[in-house]
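Here is a friendly briefing to read with the model open beside you. It goes through a handful of local features, grouped by topic.

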Amino acid sequence: MAENDQGLAHWADINAAKIIREKGEKDVYTCASGITPSGTVHIGNFREIISVDLVARALKKMGKKVRFIYSWDDYDVFRKVPKNMPQQEMLERHLRWPITLVPDPWGRDESYARHHEVDVEQELHRVGIEPEYLYQTRRYRGSVYARQIRTALSRRAEIRAILDAHRTEPLPAGWFPVSVFCGACSKDTTTVLSWDGDYSLEYRCDSCGRSETVDLLGTSLVKLPWRVDWPMRWAYEGVDFEPAGKDHHSEGGSFDTAREVVRRVFEHEPPVSFQYDFISIKGRGGKISSSSGDVIDLKDVLEVYTPEVTRYLFAGTRPNTEFSISFDLDVIKIYEDYDKTERIYFGAEACDEKKREKEKRIYELSQTAGVPELMPCQAPFRHLCNLLQINSGDVEKTLDALPGLRPEQRDRLRARAECAWRWITGFAPEDFRFSLRGAGEEPAAVSDAARAAIRELCALIDTGFASLDEKTLGEAVYAACAGAGIEPRAFFPEIYRALIGKDKGPRLAAFILSAGRERIVEILKGY
Ligand SMILES: [Zn+2]
């Protein structure tokens, strides 16, 4: 990708321009993504979906019509039971079945496949991604691809040659480019015995012994294997763009073979593509995913990052770059970066022209719907964390304490506050956490000098709170220390112990002002 492809600053726009250049002017551009819901759809898989969403948005911005399809490959075979699933034995019994027929081990949805689909569809909606979902079970079981399966069968020598060129072991003699699920036991442990050159196919099940002849125009048992299925659907849907992960884009990988199969067998040009890199997870410690065992999915990320900041992580990083999603102190920095991008977008922070264009585009692409008309009320994440802890996690009370928050901005900030609280309680380092001491609690042990300074400060806060700001209160702290004959360095741990029972805490003056007169006096008057 050229950095300044036609003056475009963002990778999504550069790719959109490339699609138009390579595919020519079209009424509709079809952008595709998809996955087999054979287990938890983890955050690395999400990178593909959002990459397509970003490119689709870029095409729309260029005035193009876009069809964004997401294929649930739920008629694929169930190959392996993921370790993080409940009811392992039940699932084991359904190996080699199509995943659409495997029961939901949680009993919530109509199948194992559907359970994972529902989870993902709900989370995608939250981040503003609304593709047209295609369910391959419905397509295959409805014999929608009968003609394409017949084409694959009639071109089997050619397909075989393409696949064998990239295999160490050639495909076995008698190989057919189809897989058949047994009509009696549902397993794909079948062998094709014959094909009549048209729509009639005979198979035998190696597990239960059943053999029968099926009509491709009416059967629900036959599908194409992945390396043929993928290019067939590129042709069927007219796909113009589909990215793929490193594993598919390797030399001789499924993208390479699909490219040849689609050209030679299905007579269609392959889509424009790019390779997206892996994502790692940082700073979760031993905390496993709330929803899916040890696999981190979009839902886990949305616990700590708002939908906009989640989009920002991906929109702000080129797809071919590996990056980490952090759950440690970096979370604060990422929110700060997002806020900075927002200020640049709204002209509230200076920045050079080239960078401004890029940051503005990243901001636009980070929004789940449109860009807000006015700059949202910014409450720095760190500050929110402190306020929330002062208010024992009461989000509404915390929002009430933010000056100048307009009613229409409240929802957006509530979402951020909820993330902040989950981060504090689930992931923040221990020395970042605190809670105000309760009024009835036994006072902390403090030195006489510290007690004298605390009393003086308490009197000042009680009577003069309204006129205090960070600067004057800070000066008052130093004056109280001087009056009581204690070094500020020695005083700070003592007053933090009095307030929060720890030696360290957030910056004192700002902290006292945020907590408010009543609560601080209630605690300090006990000294
Ligand atoms: Zn069988």
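With which side chain does the side chain of Gln367 make a polar contact? The partner is the side chain of Tyr338, at 3.1 Å; a polar contact is a pair of N or O atoms within 3.5 Å, where within protein one must be able to donate a hydrogen and the other to accept it, and residues adjacent in sequence count only if both atoms are side-chain atoms.

This is a predicted model, in which local features need pLDDT of at least 70 and side-chain atom pairs count only at pLDDT 80 or more, while totals for chains, interfaces and linings use all residues. Residues are numbered from 1 along each chain as its sequence is written, and side-chain values use heavy atoms, with hydrogens and water left out.

**Around Gln367**

- Gln367 sits in the loop between helix 13 (353-366) and helix 14 (381-390); helices (H or I, at least four residues) and strands (E, at least two) are DSSP runs, numbered from the N terminus.
- Gln367 has a relative accessible area of 0%, so it is buried; buried means under 20% relative accessible area, exposed over 50%, and partly exposed in between, with a 1.4 Å probe and protein chains only.
- Leaving out residues up to four places away in sequence, Gln367 touches Arg57, Glu308, Arg311, Tyr338, Pro372 and Arg412, where contact means heavy atoms within 4.5 Å.
- From Gln367 to Ala450 there are 83 residues in sequence and 50 Å in space, C-alpha to C-alpha.

**Helix 11**

- Helix 11 (residues 307-315) is mostly covered, with 9 of its 9 residues buried.

**The cavity**

- The model has 1 cavity of 30 Å³ or more. On a 1 Å grid over the protein atoms alone, a cavity is a set of points where a 1.4 Å probe fits but cannot get out, and lining residues have an atom within 4 Å of a point.
- The largest cavity holds about 140 Å³ of space; grid points are joined across faces, edges and corners, and the volume is the space filled by probe spheres set on the points.
- The lining of the largest cavity has 13 residues, and those closest to its centre are Tyr338, Pro376, Arg412, Leu413 and Arg416.
- Helix 12 (330-345) and helix 16 (410-426) are the elements that give two or more residues to this lining, and helix 16 gives the most, with 4 residues.
- By class, the lining has 5 nonpolar, 3 polar and 5 charged residues. Here Ala, Val, Leu, Ile, Met, Phe, Trp, Tyr, Cys and Pro count as nonpolar, Asp, Glu, Lys and Arg as charged, and the others, Gly among them, as polar.

**Aromatic rings**

- There are 30 aromatic pairs in the structure; rings of Phe, Tyr and Trp (its six-membered ring) pair if their centres lie within 6.5 Å, and planes under 30 degrees apart count as stacked, over 60 as edge-to-face and the rest as tilted.
- Why does the pair of Trp226 and Trp230 count as stacked? The ring centres are 4.7 Å apart and the planes are at 20°, so the pair is stacked.
- Trp226 and Trp230 are 4 residues apart in helix 8 (residues 226-237), so about one helical turn separates them.
- Trp226 is partly exposed at 28% relative accessibility, whereas Trp230 is buried at 4%.
- Tyr75, Tyr140, Tyr145, Phe181 and Tyr236 make up one aromatic cluster.

**Positive phi**

- Most residues other than glycine have a negative phi.
- Ser143 has a positive phi, near 55°; it lies in the loop between helix 5 (136-141) and helix 6 (146-154) and is buried at 13% relative accessibility.
- Ser186 also has a positive phi, of about 70°; its place is in the loop between strand 4 (179-180) and strand 5 (190-195), and it is buried at 16%.

- Ser51, in helix 2 (residues 43-61), is buried with a relative accessible area of 3%.
- Beyond four places in sequence, Ser51 touches Trp11, Pro243, Phe274 and Pro319.
- Gly252, in the loop between strand 9 (244-245) and helix 9 (254-264), is buried at 11%.
- Leaving aside neighbours within four places in sequence, Gly252 is in contact with His166, Arg227 and Thr257.

Technical notes. On a 1 Å grid over the protein atoms alone, a cavity is a set of points where a 1.4 Å probe fits but cannot get out, and a pocket is an open set with protein on both sides within 12 Å along at least five of seven lines; lining residues have an atom within 4 Å of a point.
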